[in-house]
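Student: I would like to learn how to read a protein structure, feature by feature. Could you walk me through one?

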Amino acid sequence: MKSSTIAALCAVLVLTAGLVLANEPVKIGVAGAHSGDLASYGLPTLKAAQLIVKDINARGGINGAPVELLVEDDACKPEIAANIATKLVSSKARAVIGHICSGATKAALPIYRDAKVIVISPSATTPDLTQSGDYPNFYRTIGSDAIQARYVVDFTLDTLKAKKIAVIHDKGDYGKGLAEYAQDFIKKSGKAEVALFEGVTPGAVDYSAVVQKIKRSRAEAVIFGGYHPEASKIVGQMRQKRLAIPFVSDDGVKDDTFIKVAGKDAEGVYATGPADVSTSPIGQTYREKFKQAEGSEPGAFFDNAVTAVLALTNAIAKAGSTDPEAVARALRTDEVDTPFGRIRFDDRGDPIGIGFSIYQVRDGKYVQVR
């Protein structure tokens, strides 16, 4: 992106739209997994927020007010997430970027809702978070699991031509929910049968029992709902048992950490993920900033996080305040330029203009195949 375009984008954020914010800092929480097995999902979001806020503050802040980030680590654990939500509310966070995992997000949302705090997640995909109507304060910059599961099933049926499919999940809000949608879509398709539907215990060392069940079911493909720690072990033990059928998973597995942990066993694995926006000028700008700061590629959900931060800060600027109703109205009605193009949100909080793609591990890297 040209420097003039960046300047124009950030100029929107310093408009004196009512001066409701005066010079008090705009406090924005950033909550997610910053440690533990799933930190590779949360840390890119934190860095995206830091990079964008640095640019905003360098140009005078939002409506003349500096932005202050309140950073909290929930390790993707629901019980910690609820405590963090209480802490951020008491610290007067006006909005929150996060949480990262669906279970943690669901645990925290009632606290934010009661406090009228806007929340935008780059990665929480459980459909009920928007479709239930329970959390009118919640927005996300990623499609729901209902959409993601449809991508997975259609690919497994129409491209891989599997007639018997084992559907495995990690029993969590995210993984089990996606697996249930996948099971339902397979049954309704009339093209294949669900040969096995089974949950596994997260964090277990040995998944040989479920691998044996997959083998006995004579499944021609596996669909897995969950995160990369369990997926890497299951795939590894499948290959040890010479079970070479396709393994198709979700954006919880579309992460470089999965490839590092699974090693050669990761080759050929399919996973959904946000559409590739590597040619987007805005995406390229912030990816370069990340690489200059960290010396590496940003990792999972970075583009979705950039989108979330840009959408939120733009909405606050357009609203002229941190009033949640005014910010929500701006999120729904004002389009904003992001790595995914110009987007806004529907009345439920889902993004208009963001979809999924299918990737496959080839020569140690995820490559978009559909």
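This is a predicted model: local features need pLDDT of at least 70, side-chain atom pairs count only at pLDDT 80 or more; totals for chains, interfaces and linings use all residues.

Student: Let's begin with strand β6. Why is it described as largely enclosed by the rest of the structure?

Tutor: Burial is judged residue by residue, and a residue is called buried when its relative accessible area is under 20%. In β6, which spans residues 164–169, that holds for 5 of the 6 residues, so the strand is largely enclosed by the rest of the structure.

Student: Which strands pair with β6, and in which sense?

Tutor: There are two to look at here. Strand β7 (residues 193–199) pairs with β6 in the parallel sense over 6 bridges. Strand β8 (residues 221–225) also runs parallel to β6, joined by 5 bridges. You can pick out individual positions too: I168 stands opposite E198 in β7, while H169 has G225 in β8 as its bridge partner.

Student: How does the chain get from β6 to β7?

Tutor: The chain passes through helix α7, residues 173–189, and this β-α-β crossover is right-handed. As for side chains, the general idea is that in a regular strand they alternate between the two faces of the sheet.

Student: Now a charged residue. Is D145 buried or exposed, and what is the nearest side chain of opposite charge?

Tutor: The general idea is that side chains of opposite charge can pair when their charged atoms come close. D145, in helix α6 (residues 145–159), is buried but has no salt bridge. The nearest side chain of opposite charge belongs to R140, 6.8 Å away, whereas a salt bridge requires the atoms to be within 4 Å.

Student: What does D145 touch, then?

Tutor: Its side chain makes a polar contact of 3.1 Å with the side chain of Q148. Leaving aside residues up to four places away in sequence, D145 touches T125, T126, P127, Y174 and L178.

Student: And S357: where is it found, and is it buried or exposed?

Tutor: S357 is in strand β14, residues 356–362. Its relative accessibility is 6%, so S357 counts as buried. The S357 side chain has a polar contact of 3.2 Å with the side chain of Q368. Beyond four places in sequence, the residues that S357 touches include Y151, G273, D276 and R370.

Student: How many salt bridges does the structure hold?

Tutor: There are 17. K188 counts as exposed at 64% relative accessibility, and D184 is partly exposed at 30%.

Student: What about the salt bridge between R287 and E297?

Tutor: There the N to O distance is 3.3 Å. R287 lies in helix α11 (residues 281–294) and E297 in the loop between α11 and α12, so the pair ties together parts that are 10 residues apart in sequence. E297 counts as partly exposed, with 47% relative accessibility.

Student: Could you give me one last pair?

Tutor: Look at E335 and R342, whose side chains meet in a salt bridge of 3.2 Å, N to O. Both are partly exposed: E335 at 38% relative accessibility, and R342 at 47%. Elsewhere, salt bridges that share partners join R287, E288, K291, E297 and D303 into one network.

How values were computed. Residues are numbered from 1 along each chain as its sequence is written. Side-chain values use heavy atoms; hydrogens and water are left out. Buried means under 20% relative accessible area, exposed over 50%, partly exposed in between (1.4 Å probe, protein chains only). Helices (H or I, at least four residues) and strands (E, at least two) are DSSP runs, numbered from the N terminus. Two strands pair if DSSP finds at least two bridges between them. A crossover is right-handed if, with the strands pointing away from the viewer, the path from the first strand over the helix to the second runs clockwise. Lys and Arg count as positive and Asp and Glu as negative; His and the chain ends are not counted. A polar contact is a pair of N or O atoms within 3.5 Å; within protein, one must be able to donate a hydrogen and the other to accept it, and residues adjacent in sequence count only if both atoms are side-chain atoms. Contact means heavy atoms within 4.5 Å.
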